[in-house]
Amino acid sequence: MGHLDHAAFGWLTPVLSYVMACIGAALGLRCTVRALGTTGRSRRNWLFTAASAIGTGIWTMHFVAMLGFRVSGTDIRYDVPLTILSLVVAVVVVCAGVFAVGYSRDRNRALLLGGLTTGLGVASMHYLGMAAVRLHGHVHYDPVLVGLSVLIAVVAATAALWAGLNIKSPVAVTVASLVMGAAVSSMHYTGMFAVSVRVTPSGQELPGATAMQFIFPLAVGLGSYLFLTSAFVALSPTADERQASASAQRPVQSAAR
């Protein structure tokens with residue numbers, strides 16, 4: 001059995017991955033709050049932004065954490081198409097959950113269905129990402145820990161959607177995002193502790209790309225997207241601010257006439 005190291009760079013990758021999960025959750029929650037305060041095309045655009053933020057944050061969290069993953073006795077490579085597919089799955093399923101909550105008239109039913117769908121999608125993203133790992137040996141999973149990781153994903157996703165519906169203030173969103181980041185990180189590391197590897201030494205070159213060749217540049221790019229989108233959302237006026245501005249302009253326009 002190969003020895004697994006989940007934090008080859010010490011606390012750097014766990015802490016950084018947690019930060020990325022928190023940023024994605026906070027941005028997604030703020031966008032969901034904005035969406036529920038609007039209608040029509042504006043609501044749709046905010047929901048798309050929320051889904052992309054949460055999905056991207058979860059995926060970035062997973063693969064930043066994977067930068068610290070090592071197995072003694074073998075190199076590790078990543079299948080590029082499968083890795084990209086895991087990103088697409090993350091965004092699509094989160095989008096389905098967010099839109100279910102954003103447009104459904106029965107919020108409780110939408111919350112349960114959206115939480116289940118999104119949680120299973122997040123778990124699928126995680127294990128698709130693990131399926132993209134290439135190494136000299138065979139990967140095995142503890143079914144109990146796998147089931148626990150899926151349960152954590154469903155609970156975390158449901159809690160995130162509930163927060164998007166019920167939490168409005170920036171302070172509450174910040175607290176909720178910290179909790180969500182912890183939940184997503186817990187799901188990831190529970191899934192990783194379910195992994196065991198039986199190494200088969202070989203001199204054959206592994207297919208795929210190394211983490212630094214592919215995962216690191218992509219994670220940096222997506223992380224930059226999250227930071228830039230966060231700045232855009234922070235600088236965008238809310239519906240209340242736009243309404244207040246419009247109300248302030250009416251007396252001025254009336255006086256000018």
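The crossing of helices α1 and α5 is right-handed in this predicted model. The contact between the two is formed by L29, T32, V33 and L36 on the α1 side, and by A160, A163, G164 and L165 on the α5 side. Sorted by class, the residues of this contact comprise six nonpolar and two polar, with no charged residue. Helix α1 covers residues 12–36 and helix α5 covers residues 143–166. Their axes come within 8 Å and cross at roughly 45 degrees. Because of this angle, α1 is described as oblique to α5.

A further crossing involves helix α2, residues 40–66, and helix α6, residues 170–193. The axes of α2 and α6 come within 10 Å, and the angle between them is roughly 45 degrees. Helix α2 is therefore oblique to α6. The crossing of α2 and α6 is right-handed. On α2, the residues that make the contact are I58, M61, H62, A65 and M66; on α6, they are V184, S185, H188, Y189 and M192. The contact of α2 with α6 contains seven nonpolar and three polar residues, and none that is charged.

The arrangement of α1 and α2 was also examined. The axes of these two helices come within 8 Å and cross at roughly 170 degrees. Angles over 145 degrees count as roughly antiparallel, so α1 is roughly antiparallel to α2. The residues in the contact of α1 with α2 divide into 15 nonpolar, eight polar and two charged.

Helix α3 was considered individually. This helix spans residues 80–103 and has 24 residues. The distance from the first C-alpha of α3 to its last is 35 Å, which is close to the 34 Å expected at 1.5 Å a residue. The N-terminal end of α3 is capped by D79. A side-chain oxygen of D79 lies 2.9 Å from the backbone nitrogen of L82.

These helices belong to a chain whose secondary structure comprises eight helices and six strands. Along the sequence, the elements follow the pattern β-α-α-β-β-α-α-β-β-α-α-β-α-α. Taken along the principal axes, the C-alpha atoms of the chain fill a box of roughly 85 × 35 × 30 Å.

Definitions and conventions. Residues numbered from 1 in each chain as written. Predicted model: local features only at pLDDT ≥ 70, side-chain atom pairs only at ≥ 80, totals over all residues. Heavy atoms only, no water. Axes fitted to C-alpha atoms, helices over the stretch in contact; angles between N-to-C directions. Helix = DSSP H or I, 4+ residues; strand = E, 2+ residues; numbered from the N terminus. Parallel < 35°, antiparallel > 145°, perpendicular 65-115°, else oblique. Left-handed = near helix turned anticlockwise from the far one by under 90°. Contact = heavy atoms within 4.5 Å. Nonpolar A, V, L, I, M, F, W, Y, C, P; charged D, E, K, R; others polar. Expected span 1.5 Å × (residues − 1). Polar contact = N/O pair within 3.5 Å; in protein donor to acceptor, adjacent residues only side chain to side chain.
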